[in-house]
Amino acid sequence: MTTTTAVEPRPAYLADTATGLPIPGEPVFDDPAETRRHRKQRLAAALRLFGKYGFGEGISGHISVRDPEHHDRFWVNPFGVSFNRVRVADLICVDSTGRVVHGGHRVNPSAFVIHSQIHELRPDATAAAHGHTAHSRALGALGRLLEPIDQESAAFYGRQTLYEAYEGPSVSLEQGRDIAEKLGDNRAILLRHHGLITVGGSLDEAVHWFFTYDSCAQVQLLALAAGTPRPFTREQAEAAGAGFGDPQLGWFSFQLLWDEIVAEQPDLLEE
């Protein structure tokens, strides 16, 4: 005799997704050229958002997305062009040797050595975002990772690591390789004395994690300045992380930023 356990019906207000939120799926294109165009548009938008939210620091900072057809190549922002001015037309494509195969600008050597190694060692990482934000640099100077003190920071619970080494600006493949290896299968690596890198299965997801990590770093610094934060228990952190760390939610959250920046700065889509 066998028995079955009754399954409670899903409440009507919950969608059939991991989070219960009515989140659509990421678009899929049959033509690699359409996928490439989509990724380049998102990349240009992400760079403008970095500029809008004050993530620029001179020539520093870069975001990359893997080419959908040539997996040993990635698209990245050009050297010496402000985040606030980058258009789709300005983006460059770089191969595994550091040669610019598409675009009229040069590549930032740091962008090549870091992103090329991440894309090589992490085939699941479609995109990577790196910036020298004030909050990530301050947290890195303390040698502290995010603590699970709220729902958003729980997205990185067990999914972040601290990179302690520093040998000057990252311009050698060996240093880029070391960063990529230390990143491992995490979604964020905080570089002591340097900045922050986040990765994701889409550009949208990687950039959302960057924004979230930076805001969580700010909250943690504020909480530490005011007193002694009380973190989640392990069970609470895992429960919060399952929701706020959901990749589909990360992808969808970027769509709100996309709508915002395209409406404000439509010139970014110029090809």
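Four bridges join strand S1, residues 62-66, to strand S5, and the two run antiparallel. I begin with this pair, in a model that is predicted: local features need pLDDT of at least 70, side-chain atom pairs count only at pLDDT 80 or more, and totals for chains, interfaces and linings use all residues. Residues are numbered from 1 along each chain as its sequence is written, and side-chain values use heavy atoms, with hydrogens and water left out.

A word on terms. Helices (H or I, at least four residues) and strands (E, at least two) are DSSP runs, numbered from the N terminus. Two strands pair if DSSP finds at least two bridges between them.

Strand S5 itself covers residues 127-131, and five of its five residues are buried, where buried means under 20% relative accessible area, exposed means over 50%, and partly exposed lies in between, with a 1.4 Å probe and protein chains only. In a regular strand the side chains alternate between the two faces of the sheet. On one side of S5 we have Ala127, Ala129 and Gly131, on the other Ala128 and His130, and all are buried.

Strand S1 is largely enclosed by the rest of the structure, because five of its five residues are buried. His62, Ser64 and Arg66 make up one covered face, and Ile63 and Val65 the other.

Ala127 stands opposite Gly200 in S8. Strand S7, residues 188-191, runs antiparallel to S8 and is joined to it by four bridges; Leu190 has Leu196 as its bridge partner in S8.

What is the order of the strands in the sheet? The sheet is open, has eight strands and mixed pairing, and reads S4-S3-S2-S1-S5-S8-S7-S6. Strand S4 (100-102) and strand S6 (160-163) stand at the edges, each with a single partner strand, so one side of each is left without a neighbour in the sheet. From one strand to the next, the twist averages 25°.

Two helices deserve mention here. For contact, the criterion is heavy atoms within 4.5 Å; axes are lines fitted to C-alpha atoms, for helices over the stretch in contact, and angles run from 0 to 180 degrees between N-to-C directions. Helix H1, residues 32-52, packs on the sheet and touches S1, strand S2 (74-76) and S5, its direction making about 165° with that of S1. Helix H5, residues 203-226, lies across S1, S5, S6, S7 and S8, and runs at about 145° to S8.

Gln117 belongs to helix H2, residues 109-121, and is buried, with a relative accessible area of 8%. Leaving aside neighbours within four places in sequence, Gln117 is in contact with Phe112, Leu173, Gly176, Arg177 and Ala180. Is Glu174, by comparison, buried or exposed? Glu174, in helix H4 (residues 173-183), counts as exposed at 60% relative accessibility. From C-alpha to C-alpha, Glu174 and Val113 are 8.1 Å apart in space, and 61 residues apart in sequence.

The loop between S7 and S8 holds His193. Its phi is near 70°, a positive value in a residue other than glycine, and His193 is exposed, at 54% relative accessible area.

On a 1 Å grid over the protein atoms alone, a cavity is a set of points where a 1.4 Å probe fits but cannot get out, and a pocket is an open set with protein on both sides within 12 Å along at least five of seven lines; lining residues have an atom within 4 Å of a point. Grid points are joined across faces, edges and corners, and a volume is the space filled by probe spheres set on the points.

The largest pocket holds about 220 Å³ of space. Of the 17 residues that line this pocket, the closest to its centre are Ser60, Ser110, His132, Pro169 and His194. H2 gives the most to this lining, with three residues.

There is one cavity of 30 Å³ or more. Its lining consists of Tyr163, Ala165, Tyr166, Ser170, Gln175, Ile179, Leu191 and His194.
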